[in-house]
Amino acid sequence: LREECGVSGWPLLQFLGDAVLVPAGAPHQVQTLTSTISVEQRFLSPENAAHLRDHSPHPQLGAQLDGAIFSAVREAVGVLRGCK
């Protein structure tokens, strides 16, 4: 990839208790050397959700986004109701 696209990688050795933050949209690859548990959190910004919904050629993606947005709004309303 370095020669074709100017993309270089960095090897990283992670130890017990270490956390690694991969920026949104950054391609990455993982090779585990021992048994491991991976915890991952994906984030979709409202701006990107709106863009995907309006410009995706896949109609099922719009339905999935609607469900995710509905869940986020329902959770936010629940938090706000608890702040009385």
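Student: Which element gives the largest share of the lining of the second largest pocket?
Tutor: Let's start with the residues themselves in this predicted model. Leu44, Ser45, Pro46, Ala49, Leu65, Ala68, Ile69, Ala72 and Val73 line the second largest pocket. Two elements each give two or more residues to that lining, α2 (46-55) and α3 (59-81). The largest share, five residues, comes from α3.

Student: What volume does the largest pocket have?
Tutor: For the second largest pocket, the space is about 160 Å³. The largest pocket, by contrast, has a volume of about 2,100 Å³.

Student: Which lining residues lie nearest the centre of the largest pocket?
Tutor: There are 39 residues in the lining of this pocket. By class, they are 22 nonpolar, 14 polar and three charged. Nearest the centre lie Val20, Val22, His28, Gln29 and Val30.

Student: Which element has the highest mean pLDDT?
Tutor: Good thing to ask of a predicted model! Across the protein, pLDDT averages 81, and 96% of the residues score at least 70. Among the elements, the lowest mean, 77, belongs to α2, while the highest, 83, belongs to α3.

Conventions: Residues are numbered from 1 along each chain as its sequence is written. This is a predicted model: local features need pLDDT of at least 70, side-chain atom pairs count only at pLDDT 80 or more; totals for chains, interfaces and linings use all residues. Side-chain values use heavy atoms; hydrogens and water are left out. On a 1 Å grid over the protein atoms alone, a cavity is a set of points where a 1.4 Å probe fits but cannot get out, and a pocket is an open set with protein on both sides within 12 Å along at least five of seven lines; lining residues have an atom within 4 Å of a point. Grid points are joined across faces, edges and corners, and a volume is the space filled by probe spheres set on the points. Ala, Val, Leu, Ile, Met, Phe, Trp, Tyr, Cys and Pro count as nonpolar, Asp, Glu, Lys and Arg as charged, and the others, Gly among them, as polar. Helices (H or I, at least four residues) and strands (E, at least two) are DSSP runs, numbered from the N terminus. pLDDT is the predictor's confidence in each residue, from 0 to 100.
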